[in-house]
Amino acid sequence: YHLTVLLSHCLTKNNPLPVYNSSMLWIQKTIQLAARKRGFHLITDEVVAGLPELAQLTVGVAHLFLQHTSASLAINESADPEVRSDMESHFNRLAPENASHYTHTYEGADDMPAHLKAVLIGSSLTLPITNGRFNLGTWQGIYLCEHRNRGGTRKLVVTAWGEKYNT
């Protein structure tokens, strides 16, 4: 009853129901990222290359989710590689290997620190899409933060949605 009253009050000739068209596009795919050594790595180009459908969206949002517990994703400086090197140094001080209080040690000295770093940085990002591209700042790039000495390939699930270009 209340919904009917609300709708009859809200819906008038001057305030009709919104009309939705079929210009929305949803994309979801898994991108397998190349194996990398431990460190902070720019992967923006690799993600864009794995997502050619991005060019179909005039405006939208992309959600990136890394399916791993010992690596993470971040947005940061894309121009100066020293930033990535300094990040690695700093996070190694925050979560050092062989700390005496670790009890999860059977997967190697780099494993528990990798889990801690992944929790601190996070496993997902949300990015705006504008005119078929990620709308990043001038000096921003997508980082894969590999926290294991030999982490192997990593799976990145990308879900993007938005308005399609009119064709």
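User: What makes up the secondary structure of the chain?
Analyst: It comes to four helices and eight strands, where helices (H or I, at least four residues) and strands (E, at least two) are DSSP runs numbered from the N terminus. Along the sequence the pattern is α-β-β-α-β-β-α-α-β-β-β-β. This is a predicted model: local features need pLDDT of at least 70, side-chain atom pairs count only at pLDDT 80 or more, and totals for chains, interfaces and linings use all residues. Residues are numbered from 1 along each chain as its sequence is written, and side-chain values use heavy atoms, with hydrogens and water left out.

User: Which strands form the open sheet, and in what order?
Analyst: The order is β2-β7-β4, with antiparallel pairing. Two strands pair if DSSP finds at least two bridges between them; β4 and β7 (residues 140–150) are joined by seven, so they count as paired.

User: Why do β2 and β4 stand at the edges?
Analyst: β2 (37–42) and β4 (71–77) each have a single partner strand, so one side of each lacks a neighbour in the sheet. From one strand to the next, the twist averages 20°.

User: Which strands does helix α3 touch?
Analyst: Helix α3 (residues 81–94) packs on the sheet and touches β2, β4 and β7, contact meaning heavy atoms within 4.5 Å. Its direction makes about 135° with that of β2; axes are lines fitted to C-alpha atoms, for helices over the stretch in contact, and angles run from 0 to 180 degrees between N-to-C directions. Helix α4 (residues 111–121) also touches β2, β4 and β7, and its direction makes about 160° with that of β7.
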